Amino acid sequence: MERPSALDGHTRLPAAVLWDMDGTLVDSEKLWDIALHDLAAHLGGTLSSAARKAMIGANMSATLVLLFADLGLPAEPDALARAGDWLRQRTAELFRGQLPWRPGAERALRAVRAAGLPTALVTSTERALTEIALDRIGREFFDVTVCGDEVDGRNKPHPEPYLRAARLLGVRPDDCVAVEDSPTGTQAAVAAGATVLVVPCEVDVPPGERRVIRESLVGLDVAELGRLLTAEAA
Ligand SMILES: [Mg+2]
C-alpha cells in the first residue's frame, strides 16, 4: 500500500506512529506492581511506593538496581541476576494470565493500521516477555518491534529505542508521533525528536516541549495524530 502523507491537503500525517507498550497499550503496570512487590517479599523486604514509581518506564536492570537500593541490599551482580530471573518468571506468569487493554488502545491501534501508517512497538520490556504480550495485543499492528534488551543498554530515557525504531522503519524521528504514558518514555521520545502524545497511566507527566497530554486513547483518530505534527510545525 502506498503511504498516505496528508489527509486533506494541509493536515500532515505522521511518517510513523511509535507505540510504547506497558501502561500505554496494556495495563501491565498493575501486573508489574504485583511481581515487584512479590520479588521484594521474596527478598525479605517491602517495596516503597516512591521506589515503585521511579521504576515506571524503566528497563529490567535499572528496575533491579532501584529495588535493591530501596531494600538496602547490596547490588551484587549474582544477586541481581537471580532476582532478574525470578522477576522474569513471575511477570511471565502474570502476563499469560491476564493482560487488560488500556482504554481506547485497541481501537486506536486498529485506526492507525487502517490508515496505512507505518508503526513500531518501542518498549523497555525484554523480548521474551514482549512476545507473551504480543500474543494478546496482536503482532499484526506493528511493522517493527524494539525491546529493552535490544538497544545495547541505551534504554529510555535515552533516545536510542525511538531512534532505532525510526531507522528500522526508514523514517525521520521528527516526522513521527510517539505514544507514551510515563515521564521516562516521554523524555526518550522527545530526545529522539518525535512529537509525543502522552496518556498518563500510573504517574503524571509534566508539561513540556513537543508533547500533548490526553486523558486516554478513547476516540483517538489519525487526523488528531496529524494535527499534533502540524501544530508542532506551526
Ligand atoms: Mg510505559
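Start by selecting Leu47, which sits in the loop between α1 and α2 (49–54); helices are DSSP runs of H or I with at least four residues, strands are E runs of at least two, and both are numbered from the N terminus. This is a predicted model, in which local features need pLDDT of at least 70 and side-chain atom pairs count only at pLDDT 80 or more, while totals for chains, interfaces and linings use all residues.

Is Leu47 buried or exposed? Leu47 has 20 other C-beta atoms within 10 Å, so it is buried. The cut-offs are 20 or more other C-beta atoms within 10 Å for buried, 12 or fewer for exposed, and partly exposed in between, with C-beta atoms placed from the backbone. Now show what Leu47 touches: leaving out residues up to four places away in sequence, the list is Leu36, His37, Ala40, Arg52, Leu67 and Asp70. Two residues are in contact here if their C-beta atoms, placed from the backbone, lie within 7 Å.

**Next stop: α4**

Select residues 77–97. Helix α4 has 21 residues and reaches 30 Å from its first C-alpha to its last, close to the 30 Å expected at 1.5 Å a residue; the expected span is 1.5 Å times one less than the number of residues. Colour Ala83, Leu87, Thr91, Leu94 and Phe95, the buried residues of α4. Looking down the axis of α4, you will find these buried residues within an arc of 100°, so they line one face of the helix; the arc is taken over the directions from the helix axis to the C-beta atoms. The cover over them includes α1 (29–42), α3 (60–71) and α6 (127–137). Turn to the face away from the buried side for the exposed residues Asp78, Ala81, Arg82, Asp85, Gln89 and Arg96.

**The two domains**

Colour the chain by domain: domain 1 (16–27 + 101–233) and domain 2 (29–97), with bounds from an automatic or database domain assignment. Their C-alpha centres lie 24 Å apart. The contact between them takes 18 residues from domain 1 and 15 residues from domain 2. On the domain 1 side, α6 and α8 (183–192) are the elements that give two or more residues.

**Into the core**

The largest nonpolar core has 69 residues, of which Leu18, Tyr162, Val177 and Ala194 touch the most other members. A core here is a set of buried Ala, Val, Leu, Ile, Met, Phe, Trp, Tyr and Cys residues joined through C-beta atoms within 7 Å. The biggest contribution to this core, 6 residues, is from α1, and domain 1 and domain 2 each supply at least three residues. Centre the view on Tyr162: beyond its neighbours within four places in sequence, its contacts include Leu18, Val122, Pro173 and Ala194.

**Backbone details to finish**

Zoom in on the loop between β3 (144–146) and α7 (160–169), where Pro157 is placed. A cis peptide bond joins Lys156 and Pro157, with omega about 15°. Asp152 is found in the loop between β3 and α7 as well, and its phi is near 55°, a positive value in a residue other than glycine. Asp152 is exposed, with 9 other C-beta atoms within 10 Å.

Last, select Arg210, in the loop between β5 (195–198) and β6 (211–213). Arg210 is not a glycine, yet it has a positive phi of about 45°. With 18 C-beta neighbours inside 10 Å, Arg210 counts as partly exposed.

Terms used
Residues are numbered from 1 along each chain as its sequence is written.
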